Amino acid sequence: MAGQVPHRVGDVVTVVGADDPAGSAADDADRSRVRADGSSRPDMSGGPDQDRRWLRAAIELSRLSPPSPTHYAVGAIVVDEYGEALASGYTGETDPHHHAEEAALTKLAGRDDLDLSRATVYTSMEPCTVRRSRPVPCTSLLLAAGITRVVLALREPLLFADCDGVQTLRTGGVDVVEIGDLGHLVVEINAHVLGPPDDPWDSRWK
Ligand SMILES: [Zn+2]
């Protein structure tokens, strides 16, 4: 698509005020998104419009997840360095215990022709580090697959487990980008476990 700038995995442009590849289309929210380290510097590594579009697509995908009182509805999409989707998945897609990232990565198993170190995983919620239904959490699956860039909207609330996926991935060398202003959509979709989105922030959140 015109205007798209395929990103190179691992690039992190930190120059404040760097030219926006999409022109003036990016809104203030793009420029102020908070990175995993808490800073609010712009990160153009994936192109802000491209990142927002794919993350929104992952969030929309999560709506397909069968509502369950025992898990969140999460969507995940693996996108290559040229901006093409390689695989997608959502919670409970083919197995009630399948997490979104797991569902997507499973579809790429055996694809030795792919270099996932150049791909980005867009996921509506922070990948898990603790899970009761499987021995291997999604952060481990992502690291094992060689993923080096993850974009997410909402850190996992404390409802089911205390996960630190963002920190674990960063420690593993993954560039983690949080687009927190889309997190409210994830909260709304997960009202079946989190309650009404307008509930005051409480101990569910960290
Ligand atoms: Zn998971």
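Start in strand 4, where Leu152 is the bridge partner of Thr123. One caution before going on: this is a predicted model.

That bridge belongs to a parallel pairing. Strand 3, residues 120-125, and strand 4, residues 149-154, pair over five bridges. Strand 3, helix 4 and strand 4 together make a β-α-β unit, and the unit is right-handed.

Stay with strand 3. Six of its six residues are buried, so the strand is mostly covered. On its other pairing, strand 3 meets strand 1 in the antiparallel sense, over four bridges. Look for Val121 in strand 3: its bridge partner is Val78.

Next, Ser124. This residue sits in strand 3. Is Ser124 buried or exposed? Buried: 32 other C-beta atoms lie within 10 Å, and the cut-off for buried is 20 or more. What does Ser124 touch, leaving aside neighbours within four places in sequence? Its contacts are Ala58, Ile59, Ser62, Val74, Gly75, Ala153, Leu154 and Val186. One distance as well: from Ser124 to Glu156, 32 residues apart along the chain, the C-alpha separation is 9.7 Å.

On to strand 1, residues 75-79. Five of its five residues are buried, so the strand is largely enclosed by the rest of the structure. Side chains in a regular strand alternate between the two faces of the sheet. Here both faces are covered. Gly75, Ile77 and Val79 are buried on one side, and Ala76 and Val78 are buried on the other.

Strand 1 also pairs with strand 2, residues 85-90. The sense is antiparallel, and there are five bridges. Gly75 is placed opposite Tyr90 of strand 2. The hairpin has five residues between the strands. In that hairpin, Gly83 takes a positive phi, near 85 degrees.

Now the core. The largest nonpolar core has 42 residues. Which of them touch the most other members? Leu55, Ile77, Tyr122 and Val150. Take Ile77. Not counting residues up to four places away in sequence, Ile77 touches Trp54, Ala57, Ala58, Leu61, Ala85, Ser88, Ala104 and Tyr122.

That brings in helix 2, residues 48-62. Eleven of the 15 residues are buried, so helix 2 is largely enclosed by the rest of the structure. Among the buried ones are Trp54, Leu55, Ala58 and Leu61.

Last stop, Asp162. Find this residue in the loop between strand 4 and helix 5, residues 165-171. Asp162 is exposed, with 11 other C-beta atoms within 10 Å. The cut-off for exposed is 12 or fewer. Asp162 and Cys128 are 34 residues apart along the chain, yet their C-alpha atoms are separated by 8.8 Å.

To recap the pairings: strand 1 is antiparallel to strand 2, strand 1 is antiparallel to strand 3, and strand 3 is parallel to strand 4.

Conventions:
Residues numbered from 1 in each chain as written. Predicted model: local features only at pLDDT ≥ 70, side-chain atom pairs only at ≥ 80, totals over all residues. Helix = DSSP H or I, 4+ residues; strand = E, 2+ residues; numbered from the N terminus. Pairing = 2+ DSSP bridges. Core = buried A, V, L, I, M, F, W, Y, C linked by C-beta atoms within 7 Å. Contact = placed C-beta atoms within 7 Å. Right-handed = clockwise from strand over helix to strand, strands pointing away.
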